[in-house]
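Please open the model in your viewer and keep the sequence panel beside it, so that each stop on this tour can be selected by residue number. We will go from one selection to the next, with a few words at each stop on what is there.

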Amino acid sequence: MGGAYISSVDDSTGALWNPAGIASLQQGNFIYDLSQGAFSVGYPIHQNVGTFGFSLLDLKGDDRFLFDHPNNPIGTFERGRNQAILSYARSLNANWMIGGNIGYRRAPYLGSRWKQNYDLGLIVKISPNLILGASGFDIAGVKIPDRNGHVLETYDTQFALGASWTPLKHLQLNSMLDATARKFKAGAETGAHGVAFRLGSAVDFRRPEKPLNWSLGLSINRWGKLIHYAYLAQPSLEYKHILSVGATFGPLPKTKTDQSTPNPNQSVLNSNQSISNPDEPTSNTHQSSARPALREKTRQPVTVNAATDTSSTVKIANVYGVELELVLAMVRVESNFQPNAISKSGAVGLTQLMSFTGRELGLKVPNYRNPRKPSQNAQTDERFNPRKNLEAGVRYLSRMIKRYDGNLALAIAAYNAGPGRVKKDVPLMRQTERHVSKVFNHYYRYKSNPTVKDAALHRLDATLNKSLP
């Protein structure tokens, strides 16, 4: 849909559009295309190893694999435009991903030989809202002969550029320019809660008289199961309806020191549930992109004056060596300083702690049958005690800062998405990228404007003082 896979990827089939894309997979993933006969699987091994993928293409129903019998559901690789591809990709740092394919392909003729092909891909994250991609396929060119050496089909090198832009929370715009075929594609995607609607169109500059091709799509990604449907209004295609199914599998990849939380598959909070304050202006989300990997190697105690030397928040920040501005920014984004805030996922309090995280940090939290409906009694569930909640949240954030060697961007991302999802860069997850950007916006705002910082500190201290016996 609109060339989205040139600059971003949602599943293992991304290797067929840009092999670099599968570096963003957080779990194993497989997709089977029921309409065209294609199968793709991808699995991330480790942050220092990368992601491997494998794809088989053109397994059509009238094209049997292994033996030619109507009851055999898999294609033969005898009469189709078949390919078998091995893919590999990895993240170089917070903004760069590279990948490549190596495989064999054949032409749709009896007696066609198999010939090797190579593909390369690159994805660059320019900002939290803009991602660019480039891919080159058949980079050495491919000539497929028959058994007698006659060339049946030739595949020239193809080069394409793509961009994905997210101007609004639930809207993504995608574009792709195929420099070789001289085609331009554009598309839009909107959705939430695992359901997405897509619209795309394509222009062929070599044949401007041709009618505009367009497509509609619907995707459902819930509970680890995937269903993709598309209708293609393209006169040159024999098939108009595309349907594929898939699923995720396996644990999330772990980093070398992934021992900070007992369940890395769950996040400390759900960033969609951050509570906004209509009375405070929102900073430009691009402000933090210039400093995505801020490091604080050494931390000095928070400087206080006579007005703040008794501040409970300052004391907690000093105990765990976290900057006061970062503590205030975290609480501002997590709960808007609301001690009784409860997200739809069951995260609670000033620092939005999940029940398992609260228990791991030493708080008394019941084993709820439904964690989304916790008891708001601070004696029963200590996450509702503002002072204990803040101390636990700051302690956890301090742990993440140490875990990622002072890299605040990674520490904030791990606080939001769970350390199991954070390797050497902020994961390409829209919610987490936005969350990190919001925290940095307020962090720099508090550092540059003492008046705003003092007002936030006074507000948080007042909340903590109310919790004293």
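Select F184 first, a residue of strand 12 (residues 183-192); helices (H or I, at least four residues) and strands (E, at least two) are DSSP runs, numbered from the N terminus. At 32% relative accessibility, F184 counts as partly exposed, where buried means under 20% relative accessible area, exposed over 50%, and partly exposed in between (1.4 Å probe, protein chains only). Not counting residues up to four places away in sequence, F184 touches S175, M176, L177, S201, A202, V203 and F205, a contact being heavy atoms within 4.5 Å.

Before you go on, note that this is a predicted model, in which local features need pLDDT of at least 70 and side-chain atom pairs count only at pLDDT 80 or more, while totals for chains, interfaces and linings use all residues. Residues are numbered from 1 along each chain as its sequence is written, and side-chain values use heavy atoms, with hydrogens and water left out.

Next, select D33, which belongs to strand 1 (residues 28-33). Is D33 buried or exposed? With a relative accessible area of 11%, D33 is buried, and, leaving aside its neighbours within four places in sequence, D33 is in contact with A38, I242, L243 and S244.

Move on to the helices, and begin with helix 1 (residues 312-320) and helix 2, which pack at an angle of about 110° with their axes 9 Å apart. That makes helix 1 roughly perpendicular to helix 2. Axes here are lines fitted to C-alpha atoms, for helices over the stretch in contact, and angles run from 0 to 180 degrees between N-to-C directions; angles under 35 degrees count as roughly parallel, over 145 as roughly antiparallel, 65 to 115 as roughly perpendicular and the rest as oblique. The crossing of these two helices, helix 1 and helix 2, is right-handed, and a crossing has this name if the near helix is turned clockwise from the far one by less than a right angle, or left-handed if anticlockwise. To see the contact, select T313, V314 and A317 in helix 1, which meet L324, V327 and L328 in helix 2.

On the helix 2 side, look for L326, V327, M330 and V331, which meet L390, G393, V394, L397 and I401 in helix 4. Sorted by class, the contact of helix 2 with helix 4 has 8 nonpolar, 1 polar and no charged residues, where Ala, Val, Leu, Ile, Met, Phe, Trp, Tyr, Cys and Pro count as nonpolar, Asp, Glu, Lys and Arg as charged, and the others, Gly among them, as polar.

While still in helix 2, select E325, which is buried, with a relative accessible area of 13%. K447 lies 122 residues from E325 in sequence, yet their C-alpha atoms are 6.3 Å apart in space. Leaving aside neighbours within four places in sequence, E325 is in contact with Y443, Y446, K447 and K453.

Now select helix 5 (residues 408-417), which is mostly covered, 10 of its 10 residues being buried. What covers the buried residues of helix 5? The cover includes helix 2 (324-335), helix 4 (386-403) and helix 6 (430-448). Just after helix 5, G418 takes a positive phi of about 95°.

For the last stop, select helix 6 and helix 7 (residues 450-466), whose axes come within 5 Å and cross at roughly 110°. The contact is made by R445, Y446 and S448 of helix 6 and P450, V452, K453 and A456 of helix 7, and by class the contact of helix 6 with helix 7 has 4 nonpolar, 1 polar and 2 charged residues. Finally, pick out Q431, also in helix 6, which counts as partly exposed at 38% relative accessibility; the C-alpha atoms of Q431 and K169, 262 residues apart along the chain, are separated by 8.7 Å.
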